[in-house]
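Subject: A structure for you to explore

Hello! Here is the structure I promised to hand over, so please open it and have a look around before reading on.

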Amino acid sequence: MQGNLRLGRFAGIDVRLDWSWLLVGLLFFVSLSAHFFASHPGWPLGLSVLLAFFAVVGIATSIVVHELVQALVARRLGTPVTAITLFLLGGIATYPREGRTPAREIVVAFVGPITSLVLGLVLITLAGLMQVPLAKLWADASGVLGWLEPVPALLAWVGIANLAIALFNTIPAFPLDGGRVLRALLWALDGDYRTATRVAARIGQAISLVMIAIGIASAFRLGPLAFTSGVWIAFLGWFLLSAASTYHQSALLEERLGGLVASHLMHPVTSAIGPEVPIASAVANHFVGTSARALPVMERGVCVGLLRFEDVRRVPAREWEQRPVRDAMVPVTELPRIGARTDLAEALRTMLRAEIATLPVLEGDDVIGVLEMQDIVRWIELPEPEPRIAPA
């Protein structure tokens, strides 16, 4: 989930779009414009294309609402959410484990599908289809919607899609909402968050493999509808398998870094530099002949930025004498904040999300150290200690 497009900031939460969703959006657009809306006997191709475009926008907006409601509920329960990344038919919220409990996890997880369910029912009501049984909508949506006008048809499709999202997210396959409920229950029973995550991820992998098998089997049945449905099920299963495997690896990583916080591996700050000092002086006095790869930039006793070795290298050497440190540093406002007691696994995830290898460790506005990703990686690569066998 590293490559994504920033859509904006809502209620103080960054909303990003994973590039995989662009592929899914394109598939939706082609399918809707060439088949679903195009099946209406009285609509020209241009209208079908326009409706397909707004349908994709509508489903993306619905997923944003789904995730934002979850994020706001999590915040209300005392867990701050920093970002939301939309992917496939859902999203992933970024928030620390601190402040979370099994009960809060269950509440936040349930809110998402409920939101999608309510959205779906509201949109179907606006489309005037409440008199049509849901089973019939599922079985022959194209036939049922064929007699609708363009706007009601659009509302109906987005409504049905929201019902599908609600149903899909209740599957107990981690990291879907249903899987998060499962993880919370395991967490409550065992009391170990990491073990619960690992077990829930394993169950998610098993369910994903079953979905892939069902999808492949369905794809070989006769008929284009069966083939399309089978491919979608297999694709969803593959995506879930990938996501569950990632979370399983993350759980193992957390176990490897268990008990460690940022202060354990950070480099204590022994020197700082002002923003108007020439870059050449910073290189000569702080980087050359030392192992330092980052230097806090202080102004009037407050950290205003971080000067990293890689930032210096981006400035041509012939300009080092004339250019001040301010021109090369990363402003502290653009850096994620971590403290001395930040869990090391959370600090690593923060670095990966921000695509930055060095972060200042702050205590209030004071910089007390610098944490580098390479030091975390070195720790992970250290061999596990051999178990000691007591003499008989």
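Below is what was found in it, going from the whole chain to single residues.

First, some ground rules. This is a predicted model, in which local features need pLDDT of at least 70 and side-chain atom pairs count only at pLDDT 80 or more, while totals for chains, interfaces and linings use all residues. Residues are numbered from 1 along each chain as its sequence is written, and side-chain values use heavy atoms, with hydrogens and water left out.

**The whole chain**

The protein chain has 14 helices and 11 strands. Both are DSSP runs numbered from the N terminus (helices are H or I with at least four residues, strands are E with at least two). Of its 392 residues, 46% count as buried, where buried means under 20% relative accessible area, exposed over 50% and partly exposed in between, with a 1.4 Å probe and protein chains only. Among contacts (heavy atoms within 4.5 Å) between residues at least 6 apart in sequence, 64% join residues at least 24 apart.

**Two helix pairs**

Helix α3 (residues 102-126) and helix α6 (residues 150-169) pack at an angle of about 160°, with their axes 7 Å apart. The two helices are therefore roughly antiparallel. Here, axes are lines fitted to C-alpha atoms, for helices over the stretch in contact, and angles run from 0 to 180 degrees between N-to-C directions. Angles under 35 degrees count as roughly parallel, over 145 as roughly antiparallel, 65 to 115 as roughly perpendicular and the rest as oblique. By class, the contact of α3 with α6 has 14 nonpolar, five polar and no charged residues. In this scheme Ala, Val, Leu, Ile, Met, Phe, Trp, Tyr, Cys and Pro are nonpolar, Asp, Glu, Lys and Arg are charged, and the others, Gly among them, are polar.

Next come helix α7 (residues 177-190) and helix α8 (residues 193-219), whose axes come within 8 Å and cross at roughly 140°. That is why α7 and α8 are oblique to each other. On the α7 side, the residues in contact include Leu-186 and Trp-187, and on the α8 side they include Val-199 and Ile-203. The residues of this contact divide into eight nonpolar, three polar and two charged.

Is Ser-208 buried or exposed? Ser-208, which lies in helix α8, counts as buried because its relative accessibility is 0%. Its side chain reaches the backbone nitrogen of Leu-241 at 3.2 Å. Leaving out residues up to four places away in sequence, Ser-208 touches Gly-237, Leu-240 and Leu-241.

Asp-311 sits in helix α12 (residues 309-314) and is also buried, at 4% relative accessibility. A polar contact of 2.6 Å joins the side chains of Asp-311 and Arg-314. Such a contact is a pair of N or O atoms within 3.5 Å; within protein, one must be able to donate a hydrogen and the other to accept it, and residues adjacent in sequence count only if both atoms are side-chain atoms. Asp-311 and Ala-328 are 17 residues apart in sequence, yet 5.7 Å apart in space, C-alpha to C-alpha.

Finally, look at Arg-256 in helix α9 (residues 224-256). Arg-256 is buried, with a relative accessible area of 18%. Arg-256 and Trp-379 are 123 residues apart in sequence and 8.8 Å apart in space, C-alpha to C-alpha.

Enjoy exploring!
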